[in-house]
Amino acid sequence: MWKNKTVLLDEQAIRRALRRIGHECIERNKGIDGAVFIGIRTRGVPLAERLAAQVAAIEGANVTVEALDITAFRDDGKGGGEAVLPQSELQNKLVVLVDDVLYTGRTIRSALNAIMAMGRPRAIQLAVLIDRGHRELPIRADYVGKNVPTAEQEDVAVRLREIDGADEVVLREYVTE
């Protein structure tokens with residue numbers, strides 16, 4: 001059973017983290033023209049949309065936002081079906097891949113495989129709201145909202161108003177009773 005332990009980010013903290021990531025992304029790339037933000041379903045999609053809105057507010061540039069379902073590219077046998085891939089042309093574009101939590105790196109590896117199956121972007125950068133550690137693959141985020149060292153029995157639950165009706169990030173611990 002999951003037991004709520006600590007609220008890591010509230011609505012305002014999530015907004016600040018995304019604003020900071022937007023500034024970092026613009027600064028690192030010397031602008032954002034022609035970029036495509038790709039959110040990994042489920043919670044990466046609204047985060048990509050919010051990040052694009054932040055960039056538009058800062059830079060005045062519209063950024064294309066796409067959704068990516070990596071189920072068909074999974075390596076754990078839970079894949080199958082057809083992948084939902086971005087409709088935008090990605091060849092020679094800057095792709096900013098967006099997800100809620102970076103953990104083992106396997107979801108990101110699957111997303112990279114899906115993107116590369118569509119063409120060859122100029123660059124792929126990774127933005128995550130939470131990096132909780134415990135990597136199994138050599139994958140590192142370019143932009144991180146918050147680093148949260150966790151124990152194996154802990155879980156980071158991201159709740160977003162578009163899906164869950166409220167914005168918060170909670171650290172939960174699995175307890176057996």
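1. Strands β1, β8 and β7 make up an open three-stranded sheet in the order β1-β8-β7, with antiparallel pairing. Strands here are DSSP runs of E with at least two residues, and helices are runs of H or I with at least four, numbered from the N terminus; two strands pair if DSSP finds at least two bridges between them. At the edges stand β1 (2-9) and β7, and each has a single partner strand, so one side of each is left without a neighbour in the sheet.

2. The model is predicted: local features need pLDDT of at least 70, side-chain atom pairs count only at pLDDT 80 or more, and totals for chains, interfaces and linings use all residues. Residues are numbered from 1 along each chain as its sequence is written, and side-chain values use heavy atoms, with hydrogens and water left out.

3. Six bridges join β7 to strand β8 (residues 168-174) in the antiparallel sense. Arg159 stands opposite Glu168 in β8.

4. The largest pocket holds about 410 Å³ of space. Its lining comprises 21 residues, of which Arg41, Asp99, Asp100, Val101 and Thr107 are the closest to its centre. A pocket is an open set of points on a 1 Å grid over the protein atoms alone, where a 1.4 Å probe fits, with protein on both sides within 12 Å along at least five of seven lines; lining residues have an atom within 4 Å of a point. Grid points are joined across faces, edges and corners, and the volume is the space filled by probe spheres set on the points.

5. Two or more lining residues come from each of β4 (94-102), α3 (106-116) and β7 (154-159). The most come from β4, with four residues.
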